[in-house]
Amino acid sequence: MSTTPPRPRAIGLVAATLALLRKDLLIEWRTRARLNAIIFFALATLLMFSFALGPDTKLLEKNAGGYFWLAILFASVLALGESFRVESENACMDGVRLAPADARAIFLSKALGNTLLLTALGALLVPVMVALYGVRIVTSFMDLGLILLLGCLALSAPGTVYAAISSNARARDVLLPLLLFPLVIPALLSAAKATTLVLQGDPMNQFNSWLGLLGGFNLIYWGVGFVLFPRIIED
Amino acid sequence: MNKFIKWGLLVLALGLLGAGWWLGLAWAPPDREMGDVQRIMYVHVPLQWMAMLAMFINFVAAVAYLFKASWKLDSAAEASAEIGLVLGTAGMITGAIWGRPTWGVYWSWDPRLTSEAIMLVTYTGYLVLRRFVEDPEKRATWSAVVAIIGAINLPIVWFSVRWWRSLHQVQSSPRTVDPEMVLPLRVSAFGMLFITLFFMAVRYRQALAERQAEVALPDALPGDVPMSASHNPSKVA
Amino acid sequence: MMTLSTLMLLAQVGSGRIQGGWGYVWACYAITIATLALYALSLWVRRPRASPDAKE
């Protein structure tokens with residue numbers, strides 16, 4: 001219970017991660033159910049913000065960055081929960097665990113898979129946001145892409161750890177947001193701020209400090225997840 | 001012997017709290033700017049300190065649990081999280097009430113207030129997780145992981161909220177505090193410390209008894225154990 | 001420490017001394033006492049029963 005039994009290390013961490021990631025992406029690609037579901041969910045969320053606030057274009061334009069990230073956050077809860085539900089069917093998780101691969105590879109593959117999914121979602125949402133909220137990308141597309149990638153990485157690392165926990169608990173649909181939302185506040189805050197700066201100009205050059213905060217958040221939680229994840233899925 | 005320590009702790013705590021609060025309410029001078037409202041400090045600050053202490057104990061117990069699993073550490077983590085949540089909630093409510101006459105609002109998005117609110121949500125999540133996992137070993141490991149991640153998050157939240165607010169907030173300069181305010185604060189803080197320790201001791205023993213009952217349950221189930229016995233340890237979910 | 005700096009911040013807000021406000025003070029003490037008492041009560045309610053065959 002206190003220590004993990006030594007596992008046979010037949011393949012390296014990177015190779016195992018890539019193999020698992022390939023497996024997850026293949027499953028995802030065969031049905032595309034998860035991607036479709038979260039795309040429609042996020043689109044609906046963006047639309048609902050417009051309806052909830054009325055047709056005040058100034059307000060929508062001003063807060064677009066925040067709504068964009070809230071839509072991604074809500075969709076991420078669905079995506080993260082689903083990423084482990086795939087494994088719990090037919091006890092696939094036991095099979096993955098029995099494979100002679102490092103348990104940390106499971107974390108890396110799941111978290112990377114979730115990052116890819118969320119980044120794809122975010123990339124699709126950007127044009128919708130531009131159209132719905134009437135915003136312009138003032139600084140550069142590169143900045144927005146960087147923020148999108150870092151923000152999705154930041155949601156995925158702690159999200160994967162918590163999804164692994166909550167997928168095995170009762171009331172997992174309640175538990176995941178309850179655990180995840182307070183945790184990702186720094187990431188959400190910096191991503192939303194940085195996105196707003198991209199959309200409205202950055203006269204005081206604050207973009208890099210938000211980027212730095214997001215980067216630090218990523219470093220910490222990818223590190224923590226990498227170290228602690230094996231403890232979660234051990235039996 | 002143990003009983004004497006336990007009840008002695010409670011008596012000591014109540015005595016010190018009573019004395020500290022009496023000093024704070026009747027003996028200490030009113031604050032230069034805040035007047036009598038400042039007397040909220042003697043209840044608010046000890047609550048916050050002890051909430052911090054409890055959360056720190058929770059973090060230490062969680063880390064220790066991952067290194068060396070034991071029901072004692074798990075019980076200590078559960079007890080400290082619950083007590084920290086209670087004290088922190090009371091601390092936040094008194095802080096909000098204090099904010100009303102001084103800031104004019106109950107809630108400002110001050111980094112400290114905001115971080116504390118996030119901390120309370122984090123530990124609520126922690127306790128809810130503990131309720132939703134039946135297997136005691138899994139519950140202990142998972143909640144230790146959640147506790148560590150949540151505790152790491154708190155400084156990050158603090159910095160990020162400070163940055164988030166920094167554009168329109170003035171950093172304040174140090175100011176000396178009247179020594180006559182230090183004594184009541186110190187006495188009530190010690191009172192709060194002892195009452196926290198008392199609660200912690202009681203709650204810890206409860207948690208430990210629950211764990212032991214849970215672990216013993218599978219052996220007790222088959223056979224002719226009376227219903228009341230197998231029902232006793234079950235927790236209200 | 002936290003309240004020392006809160007105090008400092010508060011000190012800058014108003015120049016004159018706040019008058020009265022005992023209602024807020026009593027409310028804080030009452031809420032704290034009630035919270036502690038309720039928690040003590042909840043501990044009492046959840047106390048481990050001595051042994052299965054002692055009662056019932």
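This is a predicted model: local features need pLDDT of at least 70, side-chain atom pairs count only at pLDDT 80 or more; totals for chains, interfaces and linings use all residues.

Analyst: Glu210(B) has its place in helix α6 of chain B, which spans residues 179-220; helices here are DSSP runs of H or I with at least four residues, strands are runs of E with at least two, and both are numbered from the N terminus. Residues are numbered from 1 along each chain as its sequence is written, and chains are lettered from A, with ligands numbered from 1, in the order in which they are written.

With a relative accessible area of 15%, Glu210(B) is buried, a word that stands for under 20%, whereas exposed stands for over 50% and partly exposed for values in between (1.4 Å probe, protein chains only). The side chain of Glu210(B) is in polar contact with that of Arg211(B), at 3.3 Å. A polar contact is a pair of N or O atoms within 3.5 Å; within protein, one must be able to donate a hydrogen and the other to accept it, and residues adjacent in sequence count only if both atoms are side-chain atoms.

Chain B is built with seven helices and zero strands, and buried residues account for 54% of its 237 residues. A contact means heavy atoms within 4.5 Å. Of the contacts in chain B between residues at least 6 apart in sequence, 80% join residues at least 24 apart.

Chain A has nine helices and zero strands, and 52% of its 235 residues are buried. In chain A, 83% of the contacts with a separation of 6 or more are between residues 24 or more positions apart.

The two chains also meet. Their contact takes 32 residues from chain A and 33 residues from chain B. Together they bury about 3,000 Å², 76% of it on carbon and sulfur atoms; buried area is the accessible area (1.4 Å probe) that two parts lose on being put together, summed over both. One salt bridge is found across this interface, where the term requires a side-chain nitrogen of Lys or Arg within 4 Å of a carboxyl oxygen of Asp or Glu. Glu134(B) and Arg170(A) form a salt bridge, with their closest N and O atoms 2.6 Å apart.

On the side of chain A that touches chain B, two or more residues each come from α6 (141-166), α7 (172-183), α8 (185-200) and α9 (207-233) of chain A. The most come from α9(A), with 10 residues. By type, the residues of this side are 23 nonpolar, four polar and five charged; Ala, Val, Leu, Ile, Met, Phe, Trp, Tyr, Cys and Pro count as nonpolar, Asp, Glu, Lys and Arg as charged, and the others, Gly among them, as polar.

Pro182(A), in helix α7 of chain A, has 5% relative accessibility and therefore counts as buried. Leaving aside residues up to four places away in sequence, Pro182(A) touches Pro177(A), Ile118(B), Val121(B), Thr122(B) and Asn153(B).

Conventions. Side-chain values use heavy atoms; hydrogens and water are left out.
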